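Please keep the sequence and the structure in view while reading.

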Amino acid sequence: MSLHAFCEWLAQTPLSLMIQNVSWIIPAVQSIHILCIAIVISAVFMVDLRLLGVLGRDQPTAAYTSRFLTWIWPTLVVLLLTGSILITGEPARSLENPAFQTKMVLLILAMVTTAVLQRPTLKDPAFWELSTGRRISAGALAVLSLALWVGIVFAGRWIAYMNTAGE
Amino acid sequence: MDPQSLLQWLYDTPVGTAIRENGTLFPWIESVHVLAITLVVGSISIVDLRLLGIASKGRAVSRLTAEVLPFTWVAFVVAATTGGLLFSSNAVKYAHNTFFLAKMALLVVAFANMMVFHVITSRGIERWDTSPHTPPAARRAGGGSLLLWMAVIVVGRWIGFTMSAF
């Protein structure tokens, strides 16, 4: 089944038709989606800005990774759920959209970057502070992570403007 | 100058016209606007959750606000500037949009809530600064702020669904 055929099939399912016909569902789900993005992006900023030494230098980076990185994964689950509802309501407008596809690639990269940052701190909270090399690596990962999450927000907003489905 | 002609003047400015007529300016500015708003709301929530005694309990309230709120303000200035630019592209219509007006009213209430906290509630902050248990007035300020900013995002999203295309 091609992507296009899948979109056409999905758009005819009862769930999709309901989302299409009840006008408040899409803006309501989008509102929840944006609120969750606010949580994720602010948590990411707090951790990354600490890793870059921009804020909270009186506290170890471990205080930041343990306080804020933990918010990201459960919030991502809500983002995937609300995102799936939006896709179900408008399959072609999202799945066949270059902005959406870009967003998904950036999302995977951002999740990998976050996991790479977080994993060693679960065993040893001070991991990124133990040597100059690690501090520099953490800073580089922080810059990459910031760029990816900002890119995700931009790509997400552009979905509305790069609609190739011709709806 | 009456409000109507002021809105029309804004609509006719080169900036407003450019954003309205150029196909990509609006989404670019809107993307920055959304990014800035998520940072405003997310960073304020960090302080709100501390005031509610839910998160960051090991960090003094004054320390946390000194560290987070400067970023909130930078993000707010960016959000207000980009918001103003988007507004100028269709000033008359936005000014008559119920959700836009609700968003502005919510911002005023959120600002008042913040001023009450900074001017009155935080006066005796030394007594509870480092305690995870904050006084009722501080909890009310945190809870109120959280709800108000969530509402700002919700009505903001609804503006886009109630403004027909240019």
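This is a predicted model: local features need pLDDT of at least 70, side-chain atom pairs count only at pLDDT 80 or more; totals for chains, interfaces and linings use all residues.

An angle between two axes counts as roughly parallel under 35 degrees, as roughly antiparallel over 145, as roughly perpendicular from 65 to 115, and as oblique for the rest.

On the α3(A) side, the contact is made by Pro27(A), Gln30(A), Ser31(A), Ile34(A) and Leu35(A), while α7(B) brings Met150(B), Ile153(B), Val154(B), Arg157(B), Trp158(B) and Phe161(B). Sorted by class, the residues in this contact of α3(A) with α7(B) are eight nonpolar, two polar and one charged.

**Two helix pairs within chain A**

α3(A) also packs inside its own chain, where the axes of α3(A) and α4(A) come within 8 Å and cross at roughly 155°. Which orientation do α3(A) and α4(A) have to each other? An angle over 145 degrees counts as roughly antiparallel, and α3(A) and α4(A) are therefore roughly antiparallel to each other. α3(A) passes α4(A) in a left-handed crossing, and the contact of α3(A) with α4(A) holds 23 nonpolar, eight polar and one charged residues.

Helix α4 of chain A, residues 61-89, packs in turn with helix α6 of chain A, residues 98-123, at an angle of about 125° and with the axes 11 Å apart. That angle makes α4(A) oblique to α6(A), and the crossing of α4(A) and α6(A) is left-handed. From α4(A), the residues Ala62(A), Thr65(A), Leu69(A) and Ile72(A) meet Thr114(A), Gln118(A) and Thr121(A) of α6(A). By class, the contact of α4(A) with α6(A) is made up of three nonpolar residues, four polar residues and no charged ones.

The table sets out values for each chain.

| Property | Chain A | Chain B |
|---|---|---|
| Secondary structure | seven helices, zero strands | seven helices, zero strands |
| Box filled by C-alpha atoms | roughly 55 × 25 × 25 Å | roughly 55 × 30 × 25 Å |
| Buried residues | 38% of 167 residues | 39% of 166 residues |

Read along the sequence, chain A follows the pattern α-α-α-α-α-α-α, and the pattern of chain B is α-α-α-α-α-α-α. Among contacts in chain A between residues at least 6 apart in sequence, 81% join residues at least 24 apart. In chain B, residues 24 or more positions apart account for 81% of the contacts with a separation of 6 or more.

**A residue in a loop of chain B**

Where in chain B does Ala60(B) have its place? Ala60(B) lies in the loop between α3 (25-51) and α4 (61-88) of chain B. A residue is buried if 20 or more other C-beta atoms lie within 10 Å of its own, exposed if 12 or fewer, and partly exposed in between; with 15 C-beta neighbours inside 10 Å, Ala60(B) therefore counts as partly exposed. Leaving aside residues up to four places away in sequence, Ala60(B) touches Asp129(B) and Thr130(B). Arg50(B) is 10 residues from Ala60(B) in sequence, and their C-alpha atoms are 8.9 Å apart in space.

**Confidence in the model**

The model scores ipTM 0.93 and pTM 0.94. Chain B averages a pLDDT of 94, and 98% of its residues score at least 70. Within chain B, confidence is lowest in helix α1 (residues 3-12), at a mean of 93, and highest in α3(B), at 97.

Terms used. Residues are numbered from 1 along each chain as its sequence is written. Chains are lettered from A and ligands numbered from 1 in the order in which they are written. Helices (H or I, at least four residues) and strands (E, at least two) are DSSP runs, numbered from the N terminus. Two residues are in contact if their C-beta atoms, placed from the backbone, lie within 7 Å. Ala, Val, Leu, Ile, Met, Phe, Trp, Tyr, Cys and Pro count as nonpolar, Asp, Glu, Lys and Arg as charged, and the others, Gly among them, as polar. Axes are lines fitted to C-alpha atoms, for helices over the stretch in contact, and angles run from 0 to 180 degrees between N-to-C directions. A crossing is left-handed if the near helix is turned anticlockwise from the far one by less than a right angle, and right-handed if clockwise. pLDDT is the predictor's confidence in each residue, from 0 to 100.
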